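Reader: I have the sequence and the model open beside me, and I would like to talk through the fold with you. Could you start with whatever term I need for the ligand site?

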Amino acid sequence: MTLAHAQELDRQDPLKSFRQEFIFPDVSSKDGPLYFAGHSLGLMPKKAKDYINEELQAWGQYGVEGHFEGAHPWLPYHENITGSFSRLVGAKESEVVAMNSLTVNLHLMMVSFYRPTKTKYKILIENNTFPSDKYAVDSQSRFHGFDPSTTVVELKPRPNEIHIREEDLIAQIESLGDSLSLVLLGNCNYLSGQCFDFKNVTAAAHKVGALAGFNLAHGAGNLRLELHNWDVDFAVWCSYKYLNSGPGGIAGAFIHEKHLGPQNLPRFEGWWGQNKKNRFKMGPQFEAIPTVEAWQLSNPPIFQLASLRASMELFDQATMKTLREKGDKLTNYFEKLVETELKSEVSIVTPESPNRGSMLCLRFKNSPQKWTQTLRERGVFVDFREPDIIRATPVPLYNSFEDVFKLVQTFKEVIYES
Ligand SMILES: Cc1ncc(COP(=O)(O)O)c(C=O)c1O
């Protein structure tokens with residue numbers, strides 16, 4: 001595996017032109033920026049600036065009339081994202097919306113989909129779930145008068161194993177049986193990169209009368225998803241990682257159509273969920289939009305939607321099918337290089353394809369924290385998670401095989417020569 005081989009793989013890459021659509025951080029290192037932090041904050045699409053500027057221009061030119069005037073009036077601006085989100089997660093347009101931020105959406109979904117009773121009250125999560133998700137489920141449990149130590153069940157891997165076996169997950173769902181209200185998983189897991197089969201998990205949850213929800217912070221824009229066909233009940237995701245909408249970008253939500261419409265699920269409501277025809281009549285009665293938009297609370301942040309629009313256009317052009325194909329090639333290539341070049345110092349925590357997306361979590365024999373400064377000086381962007389994990393993601397929209405080759409060479413130089 002040589003640099004020339006990596007460059008040849010790049011020449012054959014059908015998505016190679018998309019790299020030019022992004023702005024890479026300005027670093028002075030000889031290999032240029034080696035940006036592998038797209039699982040944390042995606043790069044800025046060049047058009048994000050133009051699209052935000054268009055709305056600044058509209059604000060200046062039209063003032064309040066910008067809600068109705070200009071190329072992209074603000075009143076329906078979030079609808080510019082709906083088609084792209086539906087293709088992204090495999091859903092009907094009525095099932096997806098861009099709104100709020102991720103943890104807010106998780107709470108809003110649990111208001112509707114975690115409705116515990118005295119006998120059916122447990123929530124199943126994975127043991128190393130993202131802290132915000134844990135705080136959310138614990139606080140929801142307390143909100144309903146329960147004690148999280150008895151309602152929130154954390155599934156762990158078997159002793160001496162790294163990953164939760166899917167068979168154990170399914171067995172746990174079956175054994176919780178009637179007491180299980182909700183299965184809530186991060187797919188992929190933020191720390192290990194492990195992905196579960198959405199369809200099997202959802203079917204197992206439904207079999208015991210529970211619901212299945214997914215946090216797709218590391219799944220949206222990374223995995224191929226068919227949320228509607230897999231019968232997933234709800235999902236939420238952020239857009240600042242794989243979806244490149246910028247820091248604090250607006251989040252997404254999916255609710256399966258079987259839960260939409262006149263059945264009036266309990267939900268927290270605000271004026272942006274009010275029937276659009278009557279919203280500005282300012283009446284006191286809430287009349288829900290018959291889609292997931294009924295869960296909207298407030299008028300959304302237009303500048304954040306504008307940057308997301310720039311990125312979603314690229315996803316639509318590239319398509320998730322082609323992105324995942326390249327993602328698999330890049331990550332498999334990365335994996336092989338790590339196994340051959342860094343074998344004595346680094347092991348890979350992330351499961352093999354297809355139980356992962358693009359991110360690899362690397363466990364270092366010696367704490368990698370001491371190298372983070374040197375890596376940064378060499379133009380490397382990865383992140384460190386206590387005590388011994390570095391997460392690195394070759395993102396198919398903008399990373400190349402050459403980037404991956406140079407990253408592993410840089411790791412090698414830093415580890416073995418320091
Ligand atoms: C899996 C997961 N859940 C929740 C969050 C929290 O996101 P937010 O701050 O957008 O609510 C993150 C952020 O990185 C995450 O990765």
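Author: A residue is near a molecule or strand if its C-beta atom, placed from the backbone, lies within 6 Å of it. Please keep in mind that this is a predicted model, in which local features need pLDDT of at least 70 and side-chain atom pairs count only at pLDDT 80 or more, while totals for chains, interfaces and linings use all residues. Residues are numbered from 1 along each chain as its sequence is written.

Reader: Good, so which residues are around the ligand?

Author: They are Ser-101, Leu-102, Thr-103, Phe-130, Ser-132, Asp-133, Gly-186, Tyr-190, Asn-215, Ala-217 and Cys-238. By class the shell has 5 nonpolar, 5 polar and 1 charged residues, where Ala, Val, Leu, Ile, Met, Phe, Trp, Tyr, Cys and Pro count as nonpolar, Asp, Glu, Lys and Arg as charged, and the others, Gly among them, as polar.

Reader: And which helices each supply at least two residues of that shell?

Author: Those are α4 (102–113) and α5 (131–143). Helices (H or I, at least four residues) and strands (E, at least two) are DSSP runs, numbered from the N terminus.

Reader: Changing topic, how is the chain divided into domains?

Author: The assignment gives domain 1 (3–46 + 319–417) and domain 2 (76–317), with bounds that come from an automatic or database domain assignment. The C-alpha centres of the two domains lie 29 Å apart. Their contact takes 27 residues from domain 1 and 25 residues from domain 2, with two residues in contact if their C-beta atoms, placed from the backbone, lie within 7 Å.

Reader: Which element gives the most to the domain 1 side?

Author: On the side of domain 1 that touches domain 2, α10 gives the most, with 3 residues. The elements that give two or more residues to that side are β3 (44–45), α10 and β12. The residues there divide into 14 nonpolar, 8 polar and 5 charged.

Reader: What is the strand order in the sheet of 4 strands?

Author: The order in this open sheet is β11-β12-β15-β14, with antiparallel pairing; two strands pair if DSSP finds at least two bridges between them. At the edges stand β11 (346–348) and β14 (383–385), each with a single partner strand, so one side of each has no neighbour in the sheet. From one strand to the next, the twist averages 30°.

Reader: How many bridges join the strands there?

Author: β11 is joined to β12 (residues 360–364) by 3 bridges, and Val-346 has Phe-364 in β12 as its bridge partner. Between β12 and β15 (residues 389–392) there are 4 bridges in the antiparallel sense, and Arg-363 stands opposite Ile-389 in β15. β14 and β15 are joined by 3 bridges and run antiparallel, with Arg-385 opposite Ile-389, and these two strands form a hairpin with 3 residues between them.

Reader: Which helix lies across β11 and β12?

Author: That is α10 (residues 320–341), which runs at about 15° to β12. Axes are lines fitted to C-alpha atoms, for helices over the stretch in contact, and angles run from 0 to 180 degrees between N-to-C directions.

Reader: And how do α1 and α12 pack?

Author: Helix α1 (residues 3–11) and helix α12 (residues 401–417) pack at an angle of about 155°, with their axes 7 Å apart. They are therefore roughly antiparallel to each other, a term used for angles over 145 degrees. Among the residues that make the contact are Leu-3 and Leu-9 of α1 and Phe-401 and Phe-405 of α12.

Reader: Which strands are at the edges of the sheet of 7 strands?

Author: That open sheet has the order β4-β10-β9-β8-β7-β5-β6, with mixed pairing, and its edge strands are β4 (96–98) and β6 (152–155). Strand β5 (residues 122–126) runs parallel to β6, with 4 bridges joining them, and Leu-124 stands opposite Val-153 in β6.

Reader: Last one, where are the cis peptide bonds?

Author: One joins Asn-187 and Cys-188, with omega about 5°, and Cys-188 is in the loop between β7 (180–186) and α8 (198–207). Another runs from Ser-353 to Pro-354, with omega near 10°, and Pro-354 is found in the loop between β11 and β12.

Terms used: Parallel < 35°, antiparallel > 145°, perpendicular 65-115°, else oblique.
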